[in-house]
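Dear colleague,

I am passing on the structure below, followed by some notes on what came out of it. Please read the notes with the structure open beside them.

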Amino acid sequence: MVKPTDWWRKHADKVLSSHDGDRLSQSDYGSRITPAMIKERLEQVDDLSSFSLTINGEPIHAFFLDTMVDTAELYETIFLPLQRADGRNPLDVLPFAQPHESDDVSALLNNLLRGHTVLFFLDRPLILQVNTFHVEHRSISKSENESTVLGPQDSFVEMLEINISLLRRRIASPKLKVVAYTKGTETHNRIAVIYMEDIANAENVERVKRRIDNVEYQGFVGMPVLKQMLEDKPYSPFPQFGLSNRPDNATAALLDGRILILLNGSPDAAICPTSFLEMFSSPEDFYNRWSTASLLRIIRFFGLFITILLTSSYVSVLTYHPEMLPPALLTILSESRSRVPFPPVVEVMIIELIIEILREAGIRMPTKIGQTIGIVGGIVIGTASVQAGLASNILIVLVSVSALLSFVPPNFLMSNAIRLVRYAFILIAGVLGMYGQMLMLAFLFAHLLELTSLGTPYMTAGVPRKWTDLMNGLIRMPMKYIVYRSRLSRSKREKVRPIGEE
């Protein structure tokens with residue numbers, strides 16, 4: 001049974017049913033908008049269909065976009081019921097239609113451009129709009145950015161409605177709340193804020209809503225653009241919101257009290273608040289045994305420090321502290337660098353930049369060609385650089401290891417931040433040596449301790465507010481011990497209950 005619209009409940013006592021049609025007063029459906037105004041505003045919009053027709057003796061003018069509406073479905077859902085109306089009110093036969101009662105032509109145009117069909121009943125002051133949006137979209141497929149061997153293989157797509165349905169399939173609870181927004185002065189993007197009532201911190205939910213309300217921008221082409229405008233510290237290189245296109249990861253975040261932000265047209269979900277340690281965890285960590293997951297998390301975390309210190313230590317040791325090396329190793333390095341005409345800092349920067357160029361070229365090219373360019377280019381350029389005396393063979397090994405470790409974090413934005421920080425360490429090592437490295441490392445820790453994610457300390461649970469947070473930190477304990485929700489997403493005075501306990 002089709003449920004009547006909210007408007008129908010409001011005006012049910014005013015609707016008259018008769019064979020020769022309804023004559024409703026201007027006060028009920030009054031509007032000064034005419035079909036000519038729509039044509040004028042949408043001039044040179046070639047996919048706009050505009051035509052007049054007569055149904056049961058009543059003239060109707062219809063507008064819709066060919067590129068966003070299925071014409072066969074349009075006939076079955078609108079025109080065929082109107083032909084069978086036999087003089088009844090159009091809202092009787094089109095229960096999902098909404099009357100446009102105001103003089104705001106912009107609101108009517110926005111709905112038309114979103115895939116609605118607009119009907120002008122010329123013999124009466126009535127304008128109806130029906131949501132007939134129907135376009136082909138990418139099917140649900142395996143995630144390319146967060147691939148995993150175990151666990152579900154589906155991922156978010158570019159359709160907001162499908163992404164919300166993927167979450168509701170996993171959380172069949174009335175506590176799952178969805179708050180919709182429309183932002184973007186030109187694009188009018190639809191944004192959804194999703195959270196679990198009585199689980200997510202109410203202060204965080206209001207903070208997210210307030211930030212979205214205050215956003216003024218012409219349009220968002222993807223979630224990473226919107227995310228940068230909502231983060232606490234936009235000048236920091238480190239991402240302060242999580243980013244995932246896996247529904248299982250998003251579901252786990254919701255059950256832990258986090259807030260999701262979805263954007264129509266983007267396959268990514270922003271997760272807030274988040275922490276620095278969570279940037280090194282993968283959804284697959286919960287599908288593996290606790291010992292395997294803990295080992296992988298430790299490798300990812302300490303890989304961060306190895307990648308930012310490895311090549312910078314090469315520069316500082318050879319430039320200022322050669323006495324720190326054993327004589328045998330120092331002899332090997334001296335022989336390796338005997339033909340290199342550049343100082344260590346210039347040598348390292350040249351090779352690092354070549355690696356970045358190869359990475360960018362591999363990404364921008366077609367997949368099969370990009371993989372070939374990355375592998376062959378790295379081998380050929382590395383070998384040629386050593387033979388030409390532009391770099392030492394030991395440096396090629398160190399730069400390769402450092403580049404690989406920078407891609408270990410599952411979060412791609414964190415990988416980009418690590419590569420940027422690595423250049424800062426190399427430059428400061430070339431100027432101040434190991435003293436500069438330690439100074440930069442102290443500055444890095446100070447910056448991370450200062451960062452917040454939605455007002456929550458970014459270094460949680462490295463600096464835990466409760467010892468139970470350490471159960472799922474750098475070490476992932478067995479699942480039977482992870483019974484408490486993280487305090488990352490909760491206020492200080494809020495009591496944290498075990499997961500599943502109400």
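**The largest cavity and other findings**

By class, the lining of the largest cavity has seven nonpolar, no polar and no charged residues, where Ala, Val, Leu, Ile, Met, Phe, Trp, Tyr, Cys and Pro count as nonpolar, Asp, Glu, Lys and Arg as charged, and the others, Gly among them, as polar. Please bear in mind that this is a predicted model, in which local features need pLDDT of at least 70 and side-chain atom pairs count only at pLDDT 80 or more, while totals for chains, interfaces and linings use all residues. Residues are numbered from 1 along each chain as its sequence is written, and side-chain values use heavy atoms, with hydrogens and water left out.

The lining of this cavity consists of F238, F276, L304, F305, L444, F445 and L448, and the space inside is about 40 Å³. A search of the whole structure finds one cavity of 30 Å³ or more. A cavity here is a set of points, on a 1 Å grid over the protein atoms alone, where a 1.4 Å probe fits but cannot get out, whereas a pocket is an open set with protein on both sides within 12 Å along at least five of seven lines; lining residues have an atom within 4 Å of a point. Grid points are joined across faces, edges and corners, and a volume is the space filled by probe spheres set on the points. Helices α11 (290-319) and α17 each supply at least two residues of the cavity lining, and α17 gives the most, with three residues. Helices (H or I, at least four residues) and strands (E, at least two) are DSSP runs, numbered from the N terminus.

Helix α17 (residues 434-450) also packs against helix α16 (residues 412-432): their axes come within 7 Å and cross at roughly 145 degrees. Axes are lines fitted to C-alpha atoms, for helices over the stretch in contact, and angles run from 0 to 180 degrees between N-to-C directions. The contact (heavy atoms within 4.5 Å) is made by V421, A424, F425, I428, A429 and L432 of α16 and by M434, Y435, G436, Q437, M440, L441 and L444 of α17. These residues divide into 11 nonpolar, two polar and no charged.

**Two sheets**

The sheet of β1, β2, β4, β5 and β3 is open, with its five strands in the order β1-β2-β4-β5-β3 and antiparallel pairing. Because β1 (48-55) and β3 (98-99) stand at the edges, each with a single partner strand, one side of each is left without a neighbour in the sheet. Two strands pair if DSSP finds at least two bridges between them. Strand β4 (residues 116-121) is joined to β5 (residues 126-131) by six bridges, and H116 stands opposite N131 in β5. Helix α4 (residues 71-83) lies across β1, β2 (58-65), β4 and β5, running at about 30 degrees to β4, while α6 packs on the sheet, touching β1, β2, β4 and β5, with its direction at about 130 degrees to that of β4.

Another open sheet of five strands has the order β6-β7-β9-β10-β8, again with antiparallel pairing. Here β6 and β8 (242-244) stand at the edges, each with a single partner strand, so one side of each is left without a neighbour in the sheet. The twist averages 25 degrees from one strand to the next. Three bridges join β8 to β10, and the partner of L243 in β10 is A270. Helix α8 (residues 202-213) packs on the sheet, touching β6, β7, β9 (259-263) and β10, and its direction makes about 15 degrees with that of β6. Eight bridges join β6 to β7, with T182 opposite R190 in β7; in their hairpin, which has five residues between the strands, G184 takes a positive phi near 105 degrees.

The peptide bond from C272 to P273 is cis, with omega near -10 degrees, and P273 sits in the loop between β10 (269-272) and α11. Q44, in the loop between α3 (35-41) and β1, has a positive phi of about 65 degrees although it is not a glycine.

With best regards
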